[in-house]
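Here are my notes on the model, with the charged residues taken in turn and the pocket at the end. Have it open while you read.

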Amino acid sequence: MSSPPASDAPEARPSGSDLCTACGLCCTGLLFDVAPLEEQELPLADKLRLPLACNQYHDAFRLPCPCHRDRKCTVYETRFAVCSSYECGLLRRCKAGEVPLGEALTRVERVLRLVDALRQRVPAEEPPRPLWDEAREHLRRRDAEDDSPAWRSERESLVAALAELRVACREGLDP
Ligand code: SF4
Ligand code: SF4
């Protein structure tokens, strides 16, 4: 879960950093709702005003992460342990040489394109929530106020686009 600024990308894993720099999707709430925190990371999370989701069993913060801007981590040097250690299946296979970087980038670009297209159709909430939650809320709200054939058609198309994105995430990124 990391998308470093291009200039700070670690050199030891060129293919991994190239991929994550172009992606950043694991910070957006598309793949996970929350990210775990270690207890000693709570003061930093608090300072960064991350939306915490702590309970008696674990500490975590909600995604999308507010430190993720323009597809980059704005706190890359001090990011959390989970952010440094997380690798999706696509990144792992890319680093292992099983998926060429070009193909991995193509998969990421496809997911990003689908997300961008859906973002034009699903109103963003404040504070932001994962796209899935915002889309569900949008459908619920529109269903309650509009039963026209035009909305039913739009609804069908929107649900299909969400399903396409879900498959692209699962099969393309393998979180
Ligand atoms: S701190 Fe936020 S933006 Fe940075 S890597 Fe972690 S989840 Fe992503
Ligand atoms: S989803 Fe995978 S490729 Fe994208 S930033 Fe996260 S670990 Fe890197």
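1. Let's start with Glu103, which is partly exposed at 40% relative accessibility (buried is under 20% relative accessible area, exposed over 50%, partly exposed in between, with a 1.4 Å probe and protein chains only). Its partner is Arg107: the two side chains meet in a salt bridge, N to O 2.9 Å (a side-chain nitrogen of Lys or Arg within 4 Å of a carboxyl oxygen of Asp or Glu). Both residues sit in helix α5, four residues apart, or about one turn of the helix. Arg107 also counts as partly exposed, at 22%.

2. Some housekeeping before going on. This is a predicted model, so local features need pLDDT of at least 70 and side-chain atom pairs count only at pLDDT 80 or more, while totals for chains, interfaces and linings use all residues. Residues are numbered from 1 along each chain as its sequence is written, chains are lettered from A and ligands numbered from 1 in the order in which they are written, and side-chain values use heavy atoms, with hydrogens and water left out. Helices (H or I, at least four residues) and strands (E, at least two) are DSSP runs, numbered from the N terminus.

3. How many salt bridges does the structure hold? There are 15. One of them joins Asp116 and Arg71, at 3.3 Å from N to O. Asp116 belongs to helix α5 and Arg71 to the loop between β3 (68-69) and β4 (72-73), so this pair ties together parts 45 residues apart in sequence. Both ends are partly exposed: Asp116 has a relative accessible area of 37%, and Arg71 comes in at 33%.

4. Over in helix α6, Arg141 and Glu137 are four residues apart, about one helical turn. They form a salt bridge in which the closest N and O atoms are 3.4 Å apart. Arg141 is partly exposed, at 35% relative accessibility. Arg140 joins in too: Glu137, Arg140 and Arg141 are linked in a network of salt bridges.

5. Glu134 is in helix α6 as well, but this residue is buried, with a relative accessible area of 1%. Setting aside neighbours within four places in sequence, Glu134 is in contact (heavy atoms within 4.5 Å) with Arg119, Val122, Pro123, Ala124, Glu125, Pro128 and Arg129.

6. Take a look at Asp59, in strand β2 (residues 59-62). Which side chain of opposite charge is nearest to Asp59? That is Arg62, 12 Å away; Asp59 is buried yet has no salt bridge (Lys and Arg count as positive, Asp and Glu as negative; His and the chain ends are not counted). Beyond four places in sequence, the contacts of Asp59 are Pro36, Leu37, Glu39, Leu42, Ala53 and Cys54.

7. Last, the largest pocket, with about 740 Å³ of space. Thr28, Pro64, Arg119, Pro128 and Arg129 are the closest to its centre among the 30 lining residues. On a 1 Å grid over the protein atoms alone, a pocket is an open set of points where a 1.4 Å probe fits, with protein on both sides within 12 Å along at least five of seven lines; lining residues have an atom within 4 Å of a point. The volume is the space filled by probe spheres set on the points, which are joined across faces, edges and corners.
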